[in-house]
Amino acid sequence: MGTASHEFDAQAASMTSPTEFAELYELHYATVYRVALRITGNPADAEDVLQTVFLRVLNQGGCLNTAHVNQAYFRRASANAAVDLLRRRAAHAESQFDDALPHSAVESQALLKERLRRAVATLEQSDAVLFLLRYVEGLSNGELAELFGLEKNNVAVRLHRIRQMLQTEMDH
């Protein structure tokens with residue numbers, strides 16, 4: 001039993017200190033929640049994403065350099081977690097809309113948003129995050145290039161291709 005206690009103590013020592021974690025949370029929880037809410041469209045899902053992001057930060061422990069974690073990191077982390085949630089929801093058909101129901105000629109805004117969320121969930125993770133940070137969060141191509149380590153022109157080309165994939169997915 002002493003060995004397990006030693007392992008726990010060593011693990012706890014390498015984790016982010018409670019003070020550092022509280023400071024990170026206070027600085028960035030609103031950003032994480034806002035990004036998640038805009039992507040998922042659901043306050044309960046946004047809260048789940050908020051919890052997921054900060055649990056991941058906590059689990060990274062000593063591996064995370066808290067001095068270099070900024071708002072862009074949390075925007076991207078929130079978008080990643082939100083995409084993961086959308087994928088799980090799509091895989092389990094957790095939607096208030098039924099694809100089998102006949103659609104009127106003019107779809108409601110809520111239905112269109114849900115269809116877009118489903119389409120985004122079909123993208124590769126990095127493409128989904130790139131799209132969401134550009135068109136939901138409003139980051140510029142230059143900011144995205146810096147965040148993803150790409151050339152600005154490459155970001156524009158990728159975004160164009162992503163929009164085409166989403167259009168194809170939504171047309172089906």
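Mentor: Helices here are DSSP runs of H or I with at least four residues, strands are E runs of at least two, and both are numbered from the N terminus. Keep in mind that this is a predicted model, where local features need pLDDT of at least 70, side-chain atom pairs count only at pLDDT 80 or more, and totals for chains, interfaces and linings use all residues. Residues are numbered from 1 along each chain as its sequence is written, and side-chain values use heavy atoms, with hydrogens and water left out.

Trainee: OK, and how are the rings of Phe131 and Tyr135 placed, stacked or tilted?

Mentor: Tilted, because the planes are at 45°, with the centres 5.1 Å apart. The rule pairs rings of Phe, Tyr and Trp (its six-membered ring) if their centres lie within 6.5 Å; planes under 30 degrees apart are stacked, over 60 edge-to-face, and the rest tilted.

Trainee: Is Phe131 buried or exposed? And Tyr135, buried or partly exposed?

Mentor: Phe131 is buried at 8% relative accessibility, while Tyr135 is partly exposed at 38%. Buried means under 20% relative accessible area, exposed over 50%, and partly exposed in between, using a 1.4 Å probe and protein chains only.

Trainee: What lies over the face of Tyr135?

Mentor: Arg134, at 5.4 Å from the ring centre. To count, NZ of Lys or CZ of Arg must be within 6 Å of the ring centre and within 35 degrees of the ring normal. Another case is Arg76, whose charged end sits over the ring of Phe148, 4.0 Å from its centre.

Trainee: How many aromatic pairs are there by this rule?

Mentor: The count is 6. One of them is Phe21 with Phe54: their planes are at 90° and their centres 6.0 Å apart, so that pair is edge-to-face. It links distant parts of the chain, since Phe21 is in helix α2 and Phe54 in helix α3, 33 residues apart. Phe54 is buried too, at 4% relative accessible area. Ring pairs also join Phe21, Tyr25, Tyr29, Phe54, Tyr73 and Phe74 into a cluster.

Trainee: Switching topic, what's the overall fold pattern along the sequence?

Mentor: It reads α-α-α-α-α-α-α-α, with 8 helices and 0 strands. The chain has 172 residues, and 34% of them count as buried.

Trainee: Which residues touch the most other members in the largest nonpolar core?

Mentor: Ile39, Val53, Phe74 and Leu144, out of 41 residues in that core. The largest share, 8 residues, comes from α4. A nonpolar core is a set of buried Ala, Val, Leu, Ile, Met, Phe, Trp, Tyr and Cys residues joined through side-chain atoms within 4.5 Å.

Trainee: What does Ile39 touch?

Mentor: Leaving out residues up to four places away in sequence, Ile39 touches Ala79, Ala82, Leu86, Arg117, Leu132 and Val136. Contact means heavy atoms within 4.5 Å.

Trainee: And where is the kink in α2 centred?

Mentor: On His28, and the kink is about 50°. The bend at a residue is the angle between axes fitted to the seven residues ending there and the seven starting there. Buried residues of α2 include His28, Val35 and Ile39, and α3, α4, α5 and α6 are among what covers the buried ones.

Trainee: Last one: is Glu137 buried or exposed?

Mentor: Buried, at 9% relative accessibility, in the loop between α6 and α7. Beyond residues up to four places away in sequence, Glu137 touches Arg34, Val35, Arg38, Arg75 and Leu132.
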